[in-house]
Amino acid sequence: MKKNTILMLVLLLTISVFAQQKQVAFKDGEWLRYKMSYSGFLRAGTAVLEVEETELNGKEVFHTKGSGWTSGMIKWFFRVDDVYESYFDKDMIKPYVFKRKIDEGGYKKHRITNFNYDSNKAYVQDFLKQTDTTIPFSNIQDMLSSFYYLRNQDVKNMKTGDEIAIDMFMDSQVYPFKLRFLGREVLKTKFGKVNSLIFRPIVQSGRVFKAQESVTIWITDDANKIPIKMKADLSVGSLRAELEKYKGLANDFGKK
């Protein structure tokens, strides 16, 4: 019995040490701004991702917000005004509340989803259709929390073709989502040369994207794992997003 107690104590201390050494990819105050361009030359809009610590029902959580809007000439042809918000657990990165209010060329959604982990059911309020829906779930991420969850994954030993898989809750359904590792590249950016990891999300083709594998993302190969560039082949033309400005990073930015 005494040996078991000592073994358990050593195990707990080891876990504690490794937990202290683990670097987190983001923190309170992180702010990222992206320049969106159409077919590589025409500015299409701006996207901003921001993080703040707050409390939700007595729990310490991260409140993350993603905003995107069109500008310039594109705005006259296709207006986009999107806001996504997620409240998720600071340690486990499991979502508690997800808010989505979008207007994409007249395609609108306004929904709030609450995740109940006692019943493992999501309660979805649709304010446009004026409906309430309850959906069962297990081990899911919402559309915004998944971004931060994936950034905290250890990808150091990933090989070309390896995949990270999660279940994503979107539009009152649970979708399997995969992120495939394509390799590494030294990327030329406005900040200088940056070591990057290249991933390809396996997305659903149809209304917007040309095919399942039409999106490519470059992530900084440092402890922050910031998306620094994205390219998506659309049904007509292509869309690019490039990191334009940042502040409040949790770790040093890995420029060469």
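Trainee: Which residues make a nonpolar surface patch of about 610 Å²?

Mentor: Met 73, Trp 76, Phe 77 and Phe 78 make that patch. A patch is built from residues with over 30% relative accessible area and no salt bridge; nonpolar side chains (Val, Leu, Ile, Met, Phe, Trp, Tyr) are joined within 5 Å, like charges within 9 Å. A salt bridge is a side-chain nitrogen of Lys or Arg within 4 Å of a carboxyl oxygen of Asp or Glu. Accessible areas come from the Shrake-Rupley method with a 1.4 Å probe, and for residues only the protein chains shown count as cover.

Mentor: Some ground rules. This is a predicted model, where local features need pLDDT of at least 70, side-chain atom pairs count only at pLDDT 80 or more, and totals for chains, interfaces and linings use all residues. Residues are numbered from 1 along each chain as its sequence is written, and side-chain values use heavy atoms, with hydrogens and water left out.

Trainee: Where is Met 73 found, and is Met 73 buried or exposed?

Mentor: Buried means under 20% relative accessible area, exposed means over 50%, and partly exposed lies in between (1.4 Å probe, protein chains only). Met 73 has 54%, so Met 73 is exposed. Met 73 is found in helix α2, residues 72-77. Helices (H or I, at least four residues) and strands (E, at least two) are DSSP runs, numbered from the N terminus.

Trainee: How many helices and strands are in the chain?

Mentor: The chain has 3 helices and 15 strands. Of its 256 residues, 41% are buried.

Trainee: Which residues have the most contacts inside the largest nonpolar core?

Mentor: In soluble globular proteins, nonpolar side chains tend to be buried together. A nonpolar core is a set of buried Ala, Val, Leu, Ile, Met, Phe, Trp, Tyr and Cys residues joined through side-chain atoms within 4.5 Å. The largest core here has 31 residues, and Phe 26 and Tyr 148 have the most contacts inside it. Elements giving two or more residues to this core include β1 (31-38), β2 (42-56) and α3 (145-151). A second, separate core has 16 residues, among them Leu 150, Ile 164, Ile 166 and Phe 199.

Trainee: What does Phe 26 touch?

Mentor: Contact means heavy atoms within 4.5 Å. Leaving aside residues up to four places away in sequence, Phe 26 touches Val 51, Phe 62, Phe 88, Ile 93, Tyr 148, Arg 151, Asn 152 and Ala 250.

Trainee: How many residues of strand β13 are buried?

Mentor: In β13 (residues 215-220), 6 of 6 residues are buried. Val 215, Ile 217 and Ile 219 lie on one side, with Thr 216, Trp 218 and Thr 220 on the other.

Trainee: In which sense do β12 and β13 pair?

Mentor: Two strands pair if DSSP finds at least two bridges between them. β12 and β13 pair in the antiparallel sense over 4 bridges. Phe 199 stands opposite Ile 217 in β13. Strand β14 (residues 227-233) also runs antiparallel to β13, joined by 5 bridges. There, Ala 232 is the bridge partner of Val 215.

Trainee: What is the phi of Gln 130, and where is Gln 130 found?

Mentor: Most residues other than glycine have a negative phi. Gln 130 has a positive phi, near 55 degrees. Gln 130 is found in the loop between β7 and β8. With 72% relative accessibility, Gln 130 counts as exposed.
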